[in-house]
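This report describes a single protein chain through its salt bridges, its strands, one of its helices and its nonpolar cores. The sequence and the structure are shown first.

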Amino acid sequence: MTTDISSVQNPKVKRLLALQQKSSERRQARCFVVEGLRELRHCISAGFQVETLFVCPDFLREEDLAPLLHALPSAEKEPQVFTVSGYVYEKIAYRGSTEGVVAIVRTRHLTLDDLHLSDHPLVVVLESVEKPGNLGAVLRSADAAAADAVVVCDPLTDLYNPNLIRSSIGAVFTVPCVACDSASCIKFLQSKGIAILTAQLQDSLPYYHTDMRRPTAIVMGTESTGLTQQWREAADAHIRIPMLGRLDSLNVSVSAAILLFEAVRQRSGLRPIED
């Protein structure tokens, strides 16, 4: 490979950095940045359109690039591929451990109506999640539990934040993820006959005493304020994770993993529900 870009002042590099750093740039350009072979493979497999690839020969062999290019979905316009110097790549690589490839990808916004749910869906709903790392970790758990979707209501971070993509290790592409307002989500869940289980401390039962074999939405709020009243009132059941120590809550991503795998356990028939 020959080096096409050797300066960080290159306009294409400047554009990539702007997309990494500013959500307003991502919204306006309708593009986002993906870094790493694993994440990019998941992105391509999900059908996203790659606009531009930046490849560093110091880290990525040409024989590793070929399968990636072959996997790209057909598009009216073929993606541009640029090789960059090691110095430039150090400036555009978002994380320390790197694999030599960064891509600019076109955004794709799913709506609730775009979701294809199973006969007994398992959905995670997060209200006003703020930290992209938490959302990324929840998406990893949702992927591991084969959840049908993750719905982010009234989000405080965009779904294509680089921290989110990195912390999800590509699960943002493997699990259908929708952003919407809470009222629309409640209406959607109720119309589909999906039971709304809100995680809250007040007026609640231990999560393992609640039937999750039926179509289920596990709903969680922020660690600081919890869920808003509209979710508490819409709930079919209130559930909690018993806390045996001095603290009264877990990180939302840890809570999501516990509740998701309780649903998996119940649905596998390992133990009947206790009345």
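## Salt bridges

Arg265 and Glu262 form a salt bridge through their side chains, at 2.6 Å from N to O; the term denotes a side-chain nitrogen of Lys or Arg within 4 Å of a carboxyl oxygen of Asp or Glu. The two residues are three places apart in helix α11, so about one helical turn separates Arg265 from Glu262. Both Arg265 and Glu262 are buried, where buried means under 20% relative accessible area, exposed over 50% and partly exposed in between, for a 1.4 Å probe and protein chains only. Helices (H or I, at least four residues) and strands (E, at least two) are DSSP runs numbered from the N terminus. The model is a predicted one, in which local features need pLDDT of at least 70 and side-chain atom pairs count only at pLDDT 80 or more, while totals for chains, interfaces and linings use all residues. Residues are numbered from 1 along each chain as its sequence is written, and side-chain values use heavy atoms, with hydrogens and water left out.

Five salt bridges are found in a search of the whole structure. One of them joins Arg15 to Glu51, with the closest N and O atoms 2.7 Å apart. Because Arg15 belongs to helix α1 (residues 11-21) and Glu51 to strand β2, this pair ties together parts that are 36 residues apart in sequence. Arg15 is partly exposed at 32% relative accessible area, and Glu51 is also partly exposed, at 23%. Through salt bridges that share partners, Arg15, Glu51 and Arg106 are joined into one network.

## The Arg26 and Asp158 link

A salt bridge also connects the side chains of Arg26 and Asp158 (2.7 Å, N to O). This pair links distant parts of the chain, 132 residues apart: Arg26 is in helix α2 (residues 23-29), and Asp158 is in the loop between β6 and α7 (162-168). Arg26 is buried, with a relative accessible area of 5%, whereas Asp158 is partly exposed at 21%.

Asn161 is likewise placed in the loop between β6 and α7, and is buried at 14% relative accessibility. Neighbours within four places in sequence aside, Asn161 is in contact (heavy atoms within 4.5 Å) with Arg26 and Pro132.

## Strand pairing

Strand β2 (residues 50-55) is mostly covered, five of its six residues being buried. Two strands are taken to pair if DSSP finds at least two bridges between them. β2 pairs with strand β4 (residues 101-106) in the antiparallel sense over five bridges, and Ile104 in β4 is the bridge partner of Thr52. With strand β3 (residues 80-83), β2 pairs in the parallel sense over four bridges; here Val55 stands opposite Thr83.

An open sheet with parallel pairing is formed by seven strands in the order β7-β6-β5-β10-β8-β11-β9. Its edge strands are β7 and β9 (205-206), each of which pairs on one side only. Four bridges connect β6 and β7 in the parallel sense, with Val152 opposite Ala179 in β7.

## Helix α9

In helix α9 (residues 182-191), the residues Ser182, Cys185, Ile186, Phe188 and Leu189 are buried. They lie on the same side of α9 because they cover an arc of only 165° around the axis, the arc being that of the directions from the helix axis to the C-beta atoms. Lys187 and Ser191, on the other side of α9, are exposed. The cover over the buried residues of α9 includes β5 (122-127), β6 (149-153), β7 (177-180), β8 (195-199), β10 (216-220) and α10 (229-234).

At the start of α9, a side-chain oxygen of Asp181 comes to within 3.2 Å of the backbone nitrogen of Ala183. Just after α9, Gly193 adopts a positive phi of about 70°.

## Nonpolar cores

A nonpolar core is a set of buried Ala, Val, Leu, Ile, Met, Phe, Trp, Tyr and Cys residues joined through side-chain atoms within 4.5 Å. The largest has 52 residues, of which Phe32, Leu40, Leu135, Leu139 and Val150 touch the most other members. Helix α11 (residues 252-268) contributes the largest share of this core, five residues. Apart from this core lies another, of 21 residues, including Ala149, Ile186, Ile196 and Leu227.

Technical notes
Polar contact = N/O pair within 3.5 Å; in protein donor to acceptor, adjacent residues only side chain to side chain.
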